[in-house]
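Welcome! Take a moment to look over the sequence and the model below, and then let us walk through them together.

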Amino acid sequence: MSKTLFGLLLRTLVVLAGTAFLTFALLWNAPGDPAAAIAMARFDALLSQEVIDQVREEVGLNTSFWPAFWSWLGPLLCFDFGNSAVTGRPVWPDLWGAMTYTFPLAFAGLMIGLGVALPLAIFAAKRPGRLSDRIAVAIASLGAAIPAYWLGLLLILLFAVQLGWLPAMGARTPAHAILPALTLGLGVAASLTRIIRSGILEARGQAFLPAIQRRGVPEAAIGRDHIAPHAAIPVITVFGLELAFLLEGAVLVEVIFGRPGLGTFLVSAIAARDFPQVQAVVLLTALVFVVSNLIIDLLYRLIDPRIGERDA
Amino acid sequence: MVSGSTVTKLALRVSDLSAMRSGRTILYPTSLNIAPAERIGIVGSSGSGKSTFGHALIDDLRRQGHSVAQVPQSPDEALDPLRSMAFHWQEAERALGLKPGTADREALFATLKIEKGDMRKRPWGWSRGMQQRFVIAMALIGAPDLIVLDEPTSALDPVVAAATMQLLDQHLTEQNIAMVLITHDLGLASKWVSKLAVMQDGHLVEEAATQDILNTPQTKAAQSLVAHRNWMALPC
């Protein structure tokens, strides 16, 4: 077990190092003059070449790739994300502020998605192929087909404009989070429903189930003790992908609902070519992915240790 | 707990069991009497309806209020690969209405020689022979009236199979438990049962003492089974 844990951690480090390098290289080699973009964001006017060159020197864009990379990576190893190229303020407090908006939103979306998908999938799998199942699958497919930006606008139209129940824009009160979280959650629910349903159906086809039924074990116990663990394996796999969807969706949803958060943070940072900010967001995202995949891997091994034995 | 041997067990009887699958009759009305502690073999070629009859027999006897245990063909059909052996054992106890830990596990495990198995492991952490014997031990919890074994040794190598049947045989004799052995292997059946029921195309075509069927098979199905038994020479 400690050996597999070591391997997983090593993999995590490799992925993070690769992400750091690739992000930096892509940003460095992106077309256009980054110094001009930064100067634009700072002074918000048409600028002379002199000012641009001054910014270039100040931000450290006048060196070559490798010195620039190392001077960014060095502090990063001590968890120092550096200062924003535009405002000159440290990146971390601003990034943390954005996270406090986005992570609760993503978590709420995930919970709503799970809360809708689980009962719907269990209901659908009760009688596969029947009308109830088809309706549930149709709802799920519809949910997957509707893009978040359209669903978000529809929800605003209904609950904020027509009914006036909920605020639409901004993030001042917790009530402001309801519509964005719903928009995210329904998208998650759509894909999760189909995965959980097929997971249950597949689990129900396991060869050992008839014997356990014949042994006299009650249906509810069979569902809890045998079907649920088998159905959980594909669902856990998809959870990692859901997370990608959530972060990606959160960026869109934040823009639609005018919420601060990682989405707005990232969009303005890219527009201004604010290297330290963009890199911080990308690395953070990579870290979230890698850590959640690490957790998923460990969960796998907990449910079915054969998975660990096979690739060891 | 009252041990099985002190209780006078009743004869088991099923009558006119039948089964359909997707509109086709796969078991025509079939009856069978099983005397207390009797050993009966249900034999026939593949698709003759012997497993179907076995399942119908279990369901019907359970409805009559008898305790009947079943051992499927392979441990893969009896054990969940994601749950530990201890979990399976407790689940079987609960299903019989016993409090977990009250069945005499040590004695059953000693009987089937699987005391050394690690109960925390999952089925695939045990050898297949041990898994199958564990399944048999589970079936024997609470001393049932009847144990139905469906090709119990087809997943085992001949030596392990013979040893398993030997251990099981002793236990059934001590506890007065009847046995129905479903198999296409006439050699196996003739070694362990006193009566044979021959199945063909969903019908029970011949029923007689084992020796009578081996010596003077009456029907075509029995004759072809006797003619093609190649395993009589094996130690089991």
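Predicted model: local features only at pLDDT ≥ 70, side-chain atom pairs only at ≥ 80, totals over all residues.

Which residues does B:Ser194 touch, not counting residues up to four places away in sequence? The list is B:Glu38, B:Arg39, B:Ala209 and B:Thr210, where contact means that the C-beta atoms of two residues, placed from the backbone, lie within 7 Å.

Residues are numbered from 1 along each chain as its sequence is written, and chains are lettered from A and ligands numbered from 1 in the order in which they are written.

Back to B:Ser194, which sits in the loop between helix H6 (186-192) and strand E7 (195-200) of chain B. Helices (H or I, at least four residues) and strands (E, at least two) are DSSP runs, numbered from the N terminus.

Now turn to chain A, which has 13 helices and 0 strands. Of its 312 residues, 31% are buried. Its C-alpha atoms fill a box of roughly 85 × 60 × 30 Å along the principal axes.

Helix H7 (residues 148-162) of chain A packs against helix H8 (residues 178-204) of chain A at an angle of about 135 degrees, with the axes 9 Å apart. Axes here are lines fitted to C-alpha atoms over the stretch in contact, and angles run from 0 to 180 degrees between N-to-C directions. H7(A) and H8(A) are therefore oblique to each other, the class left after roughly parallel (under 35 degrees), roughly antiparallel (over 145) and roughly perpendicular (65 to 115).

Finally, see where the chains meet: 14 residues of chain A and 15 residues of chain B take part in the contact. On the side of chain A that touches chain B, H10(A) gives the most, with 4 residues.

Methods:
Buried ≥ 20, exposed ≤ 12 C-beta atoms within 10 Å, placed from the backbone.
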